[in-house]
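User: I'd like to go through this model feature by feature. Could you give me the general idea each time and then the case here?

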2 protein chains.
Amino acid sequence: MPIAPSPEAPLDVLGLGNAIVDVLAYSSEELVRELGLVKGAMTLVDEERVEFLYRRMGPAREVSGGSCANTMAALAALGGRPAYIGRVKDDELGRVFAHDIRAAGVTFRAKPAPNGPATARCLIFVTPDAQRTMQTYLGACVELGPEDVEPELVAAASILYLEGYLWDRPEAKAACRKAIAIAHRHGRQVALTLSDPFCVGRWREEFRELVEREVDILFANEAEITALYEASSFDEALQEVRRHVRFAALTRGPKGSVVLRGEEVHVIDAAPIDRLVDTTGAGDLYAAGFLYGLGRGFDLGACGRLGSLCAAEIIQQFGARPERPLGSLLDRLR
Amino acid sequence: MPIAPSPEAPLDVLGLGNAIVDVLAYSSEELVRELGLVKGAMTLVDEERVEFLYRRMGPAREVSGGSCANTMAALAALGGRPAYIGRVKDDELGRVFAHDIRAAGVTFRAKPAPNGPATARCLIFVTPDAQRTMQTYLGACVELGPEDVEPELVAAASILYLEGYLWDRPEAKAACRKAIAIAHRHGRQVALTLSDPFCVGRWREEFRELVEREVDILFANEAEITALYEASSFDEALQEVRRHVRFAALTRGPKGSVVLRGEEVHVIDAAPIDRLVDTTGAGDLYAAGFLYGLGRGFDLGACGRLGSLCAAEIIQQFGARPERPLGSLLDRLR
């Protein structure tokens, strides 16, 4: 698997992910418990369940989301050139999603599906500890498949960025396989974010093989990477990563992140914050900052620091899409 | 500089350091400010100043201390076999020091000086944030020199452990040089703790050369290692360490520690605590746990975890010498 500096590419990153509108509301700990939700995790639910949960949810705010789409939007907010592939229906929320991602500056050429399941939504219960508990109805995303992957778009981006959530649907997984093959054929790099510890649990063996053989850059948080290697501590997982993965950025919340590439290892502190509002999107924004730095040839430590600054920015607001341009964060890198 | 597994040695570690009795008292932030003390650091003071400061100090507790001596006492409390070389006068505090270190189980053969300056003391102002501000009168320690280094004792220990504080006196530095030469001649390893960021600032060039050429195992906290390499972040210092030092354990307070040996890198979390009482001795105890594990052939991650457990133990009590045997911490390593 060659890792060569990309020849000049018109796009920085092409993201492939579940196109989801987030429905965010503050929630008590009691409500999360009473509804039997797995706190801090992403759980897939069907249409009936999502409607039941929505009725129990407090006043909410709709914001375009989807882990990978958040990363692409943030990349654009930094001044980068991202594109995105994801599937929405031609309904209210689908139009909202398409509007928002284009307005953010992300190339998004997919046509909304005229029929089939509704645009996906993710109910996010934000508890007073700023943790988010996610209940996702995949809707139109279940129809994402290889036919959605435009080869020219893959070939045009230095990095192909995939979210692990896509492994939950066989057609989406096939789309990823197709995109990976095209990317490698064009000398592009492939990045994967592991998305969620439960998702990792469902696809552990496939992910292990994937990160060892197909993935050039791995993003994971502490819960995901320890789940991947069934490790009992971060350091134990880190030793496995160093044996099996060439290039990884591992995020640890307030403990910062650890970045490694070959023999290089960086231990990066979390960026300081004034007030923790909502951790939704921390990992997505870290990836955006990191990928932006990588595309600009920053050294690895600076990529990690920019990731931390972006993550710090997003956890001080409600929701996972940046409310303002992020270019000023670049000045804080020194 | 050979690093070979030590042939069987009767002692685990021989420590060489300033033999000091700590005088600990709780202090307000205001008092520290009013006295013009450099908070969190160790400052050397003369006899007149130490007496002035002692008069201003609240009710205090005298406990044998000295960074290296604390590490040796903790090694004994873990069940290890340490020895110690340091200089005291034949006065009240000198007898206290000798009694305590022997009662802790540390081999200590030095004869107290019949005359000359009094036994060293370190006034420690513990502020409500559990930080310690140290004012040291070196007294009898200033007479520590090459003649105090018993070659048989150096040859008998797997590891020679030196404290950076010794560099503040030319005779003590000469003692270190002599001990290092003997240790290497006998195939023993040499460990150094950098002791204090201001001490590092005073001897930066010498320490850089020393850790690159003579030291097999380096201990430093974040302030010390960033001072050594004049780095603006921990990660920047880490990159320097990886370039210049083969084996290092870098402590970061609540952020845990980073241990590296050759290409191996471990990121170790701080062990959990119930209540922070006094950070005095955290680094000394970390070194003890680490050295104990090393002597027993533990893998590096386990050495770091034992260091963290020992540090967590000591910061939950007042003072830097363990109040109880530490053997039970070994069970918590899994």
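User: Where is Cys141(B) found?

Analyst: Cys141(B) sits in the loop between strand 7 (132-137) and helix 5 (151-156) of chain B. Helices (H or I, at least four residues) and strands (E, at least two) are DSSP runs, numbered from the N terminus. This is a predicted model, so local features need pLDDT of at least 70 and side-chain atom pairs count only at pLDDT 80 or more, while totals for chains, interfaces and linings use all residues. Residues are numbered from 1 along each chain as its sequence is written, with chains lettered from A and ligands numbered from 1 in the order in which they are written.

User: Is Cys141(B) buried or exposed?

Analyst: A residue is buried if 20 or more other C-beta atoms, placed from the backbone, lie within 10 Å of its own, exposed if 12 or fewer, and partly exposed in between. Cys141(B) has 26 other C-beta atoms within 10 Å, so it is buried.

User: Which residues is Cys141(B) in contact with, leaving aside neighbours within four places in sequence?

Analyst: Contact means C-beta atoms, placed from the backbone, within 7 Å. On that basis the list is Asn18(B), Ala19(B), Ile20(B), Arg87(B) and Ala120(B). Take Ile20(B): its C-alpha is 8.0 Å from that of Cys141(B), though the two are 121 residues apart along the chain.

User: Now helix 3 of chain A. How many of its residues are buried?

Analyst: Twelve of the twelve, so helix 3 of chain A is largely enclosed by the rest of the structure. Among them are Ser67(A), Asn70(A) and Leu78(A). The helix covers residues 67-78 and reaches 17 Å from first C-alpha to last, close to the 16 Å expected (1.5 Å times one less than its number of residues).

User: What does strand 13 of chain A give to the side that touches chain B?

Analyst: Twelve residues of chain A and 13 residues of chain B make up the contact. Strand 13 gives the most to the chain A side, four residues.

How values were computed: Two residues are in contact if their C-beta atoms, placed from the backbone, lie within 7 Å.
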